[in-house]
Amino acid sequence: MDLARKAQFFTLDVITKIAFGEAFGDLERDEDMYKYLEFTDEMVEVIILSATVPLLDWLRSFDWIAKLVFPSGKEATGPGRLIAIAQELVGKRFGPKAVSRRDMLGSFIRHGLEEDELISESLLQILAGSDTTATTLRATMLFLMSHPSAYHKLQEEIDTAVREGRASRPIIKYSEAHELPYLQAVIREGIRIWPTATGLLTKVVPPEGDMVTVDGKRVFLPGGTNIGTCVWGVLRRKDVFGEDADAFRPERWLEASGDKLVYMHKTGDLAFGWGKYQCLGKNIAWMELSKAFFELLRNFDFAIMDPTKPWKSKNVGLWIISEQWVQVTDRLGA
Ligand code: HEM
């Protein structure tokens with residue numbers, strides 16, 4: 001199967017279920033139900049480019065240009081269709097026959113968000129939370145499949161937890177998965193070695209300017225300057241992660257201790273951004289990843305179909321990954 005496609009079916013189903021209370025159903029039907037992925041594959045490059053280059057961002061502020069490029073909600077497929085679904089599902093929560101549920105929309109309503117805010121917030125979760133988590137799933141699986149010692153160590157930890165009754169069925173609980181040190185180290189290492197959001201994610205220096213320390217020297221940053229980060233470089237720093245920082249080695253997270261480990265964790269967490277703009281879905285992503293890796297390796301074995309062409313991947317600030325063909329075997333032999 002094409003793991004690249006299945007990973008995103010999974011993350012889209014999870015996030016639409018959380019955001020709207022109803023999953024798209026992509027995984028069950030094995031289909032890009034609303035042609036959402038077709039559209040995002042084409043659009044993600046345009047979106048990231050316009051968010052990164054100030055001139056393009058300025059052009060986007062003209063209504064007629066935005067209308068040419070971005071969906072209105074009247075389209076039958078892609079994000080336009082998604083906007084229409086969001087409008088419909090949010091609409092059900094208001095009026096005389098309003099539905100009340102304990103999901104993300106329900107929580108937003110209880111916290112006082114208006115109808116149009118609800119539509120944009122739930123759309124944001126889907127855009128921010130499906131492609132990112134899917135890339136971590138794909139990349140970590142690729143590194144596992146190509147590092148047999150890590151693959152077997154993880155599967156051994158999973159099998160032991162199952163044998164000792166520490167893994168609920170049919171799906172492990174997050175509280176149980178969180179107690180598995182090698183699994184957690186694999187997730188940290190997967191996110192470190194292949195960060196999903198590699199764009200500059202610039203932030204603007206406040207008007208009065210700011211002082212920062214660069215390589216031990218105090219530097220003044222003038223107000224209004226755009227500051228971006230190279231997260232790829234940060235997550236491969238040898239002074240933080242060791243001389244073998246370019247290698248996929250989950251053990252590094254279990255060998256380090258004390259201040260060194262805290263520093264590694266803080267640096268690794270930068271894959272999710274920092275401060276007031278940091279990722280709001282980090283805990284959800286961690287839960288999804290913990291459960292997914294556990295269940296994938298509890299039930300199946302994976303191998304790369306063609307090791308000379310493991311996938312097609314392109315970086316545009318986010319990753320566009322396709323054609324990740326893998327051979328899957330049922331471990332129970334069914
Ligand atoms: C491995 C998975 C993920 C990674 C690596 C990731 C990473 C990021 C990064 C780097 C940012 C931007 C921070 C900045 O601007 O400095 C971000 C923002 C955001 N993420 Fe995630 N994300 C992941 C999964 C998710 C999930 C599952 C959700 C939703 C449930 C989500 C929701 C959001 C939201 C709402 C924002 C915007 C926050 C704001 O600007 O206020 N993310 N994420």
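**Notebook: helix 16 and the ligand site**

I started with helix 8 (115-145), which passes helix 16 (282-299) in a right-handed crossing. By handedness I mean that a crossing is right-handed if the near helix is turned clockwise from the far one by less than a right angle, and left-handed if anticlockwise. Helices here are DSSP runs of H or I with at least four residues, numbered from the N terminus. The two axes come within 11 Å and cross at roughly 40°; axes are lines fitted to C-alpha atoms over the stretch in contact, and angles run from 0 to 180 degrees between N-to-C directions.

This is a predicted model, and I kept to its limits: local features need pLDDT of at least 70, side-chain atom pairs count only at pLDDT 80 or more, and totals for chains, interfaces and linings use all residues. Residues are numbered from 1 along each chain as its sequence is written, and side-chain values use heavy atoms, with hydrogens and water left out.

Next I listed who touches whom, with contact meaning heavy atoms within 4.5 Å. For helix 11 (residues 181-193) against helix 16, I get an angle of about 115° with the axes 10 Å apart, and this crossing is right-handed. On the helix 11 side I noted Leu 183, Gln 184, Ile 187, Arg 188 and Ile 191; they meet Trp 286, Leu 289, Ser 290, Phe 293 and Phe 294 of helix 16. That contact divides into seven nonpolar, two polar and one charged. My classes: Ala, Val, Leu, Ile, Met, Phe, Trp, Tyr, Cys and Pro are nonpolar, Asp, Glu, Lys and Arg are charged, and the others, Gly among them, are polar.

Then I went to the ligand. Which protein atom is the donor to its iron? I found Cys 279 (SG) at 2.3 Å, the only protein donor; donors are N, O and S atoms within 2.8 Å of the metal (3.2 Å for Na, K and Ca), and water is not among the atoms, so sites may look incomplete. Cys 279 sits in the loop between helix 15 (258-268) and helix 16.

I counted 23 residues around the ligand, the closest being Ile 15, Thr 196, Lys 203, Tyr 277 and Cys 279; near means a heavy atom within 4 Å. Helix 8 gives the largest share of this shell, seven residues. By class I have twelve nonpolar, nine polar and two charged. I also checked Lys 203: an N or O atom in its side chain is 2.9 Å from an oxygen atom of the ligand.

Methods: Helices (H or I, at least four residues) and strands (E, at least two) are DSSP runs, numbered from the N terminus. A polar contact is a pair of N or O atoms within 3.5 Å; within protein, one must be able to donate a hydrogen and the other to accept it, and residues adjacent in sequence count only if both atoms are side-chain atoms.
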